[in-house]
Amino acid sequence: MLNEIDRLTIYALAGFISFGVLVMRTSASEQASLMPAWGVIAAMIGLWLEVHQYDTSKH
């Protein structure tokens, strides 16, 4: 079972990789794909949920 810091690390790495792919695809000859954009959005949502899901005063 992954703890909170492991999940935060995975979301951050997924967002970083997706953002890198999104930035590196600047060539007009390549077919545009929305998958990197969805990856960044999913990582942002995952990070937000992970940070706001737990109340630190209860731990």
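This is a short tour of the structure above, stop by stop.

**Before you start**

The model is predicted: local features need pLDDT of at least 70, side-chain atom pairs count only at pLDDT 80 or more, and totals for chains, interfaces and linings use all residues. Residues are numbered from 1 along each chain as its sequence is written, and side-chain values use heavy atoms, with hydrogens and water left out.

**Stop 1: the whole protein**

Begin with everything in view, shown as a cartoon. You will find two helices and zero strands; helices are DSSP runs of H or I with at least four residues, strands are runs of E with at least two, and both are numbered from the N terminus.

Of the 59 residues, 15% are buried, where buried means under 20% relative accessible area, exposed over 50%, and partly exposed in between, with a 1.4 Å probe and protein chains only.

**Stop 2: the annotated spans**

**Stop 3: R7 and E50**

The structure holds one salt bridge, and here it is: the closest N and O atoms of R7 and E50 are 2.9 Å apart. A salt bridge is a side-chain nitrogen of Lys or Arg within 4 Å of a carboxyl oxygen of Asp or Glu.

What does this pair tie together? R7 lies in helix α1 (residues 4–24) and E50 in helix α2 (residues 35–53), so the pair links parts that are 43 residues apart in sequence. E50 is buried, at a relative accessible area of 5%.

**Stop 4: V40**

Finally, pick V40 in helix α2. Is V40 buried or exposed? With 17% relative accessibility, V40 counts as buried. Leaving aside residues up to four places away in sequence, V40 touches G15, S18 and F19 (contact means heavy atoms within 4.5 Å). To finish, select V21: V21 and V40 are 19 residues apart in sequence, and their C-alpha atoms are 9.9 Å apart in space.
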